[in-house]
Amino acid sequence: MAQRARLHGRCGMMDIKLLALDVDGTLTDGSVYMDGEGHEFKRFDIQDGMGIAMLRRQGIEVAIISGRFSASTDQRAKDLGIPFVFNGVKDKLATLVSLSEKLNLKPEEVAYMGDDVNDIECIKWAGLGVAVANARQETKEAADYVTASSGGQGAVREVADMLLKRGR
């Protein structure tokens, strides 16, 4: 409950203009399926995709910032029309800050969702830092909001719905 209480004090969610997302463990359940030839497969939640589409229709930008390169990530972003895709970046925070500057956004206008320790800096920097339900404990502790849903199982849709309701 403490995290939900902090949510209202730090960020007036109506101001969010960019939702930046980690991929593995946030847009997916964190599993990577590989065959014997090195081809990988990921499972993405369709309702998360609808949430992303609804955000974009309401003028909220969406970005993907993944520390691990994956052709599946590029394809999913293309399918959803996500214009900002940073796939296989080493410094997620520098990427998030640079994108925010490019879009002329202040930290309080940015939401970031992640699940693991390499997301903590972004979660702390953003005006709204979100951890998924199955995130690492230290990631949850850094977040303003922890979803009820796990990564790859509706967590992104949960946040999209929340942002859209607050924007009314």
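Of the 168 residues of the protein chain in this predicted model, 51% count as buried. The chain has a radius of gyration of 15 Å, which agrees with the value near 15 Å that a compact globule of 168 residues would have, and its C-alpha trace spans about 50 × 30 × 30 Å along the principal axes. Seven helices and eight strands make up the secondary structure elements assigned to the protein chain. Among contacts between residues at least 6 apart in sequence, 55% join residues at least 24 apart.

The pLDDT averages 92 over the protein chain, and 90% of the residues score at least 70. Over residues 1-6, however, the pLDDT is below 50, although this stretch has 13 contacts in the model beyond near neighbours in sequence. Where pLDDT is low, the predicted coordinates should not be read in detail.

A search of the whole structure for cavities of 30 Å³ or more finds one, and the space in the largest cavity amounts to about 30 Å³. The lining of this largest cavity consists of Leu 27, Phe 44, Asp 45, Asp 48, Gly 49, Ile 52, Arg 76 and Leu 80. Two or more residues of the lining are given by each of helix H2 (46-57) and helix H3 (71-80), and H2 gives the most, with three residues.

Terms used: Residues numbered from 1 in each chain as written. Predicted model: local features only at pLDDT ≥ 70, side-chain atom pairs only at ≥ 80, totals over all residues. Heavy atoms only, no water. pLDDT = per-residue confidence, 0-100. Contact = heavy atoms within 4.5 Å. 1 Å grid on protein atoms, 1.4 Å probe; cavity = no way out; pocket = protein on both sides within 12 Å on 5 of 7 lines; lining within 4 Å. Points joined across faces, edges and corners; volume = space filled by probe spheres on them. Helix = DSSP H or I, 4+ residues; strand = E, 2+ residues; numbered from the N terminus. Rg over C-alpha atoms; globule rule 2.2 N^0.38 Å. Buried < 20%, exposed > 50% of the residue type's maximum accessible area, 1.4 Å probe, protein only.
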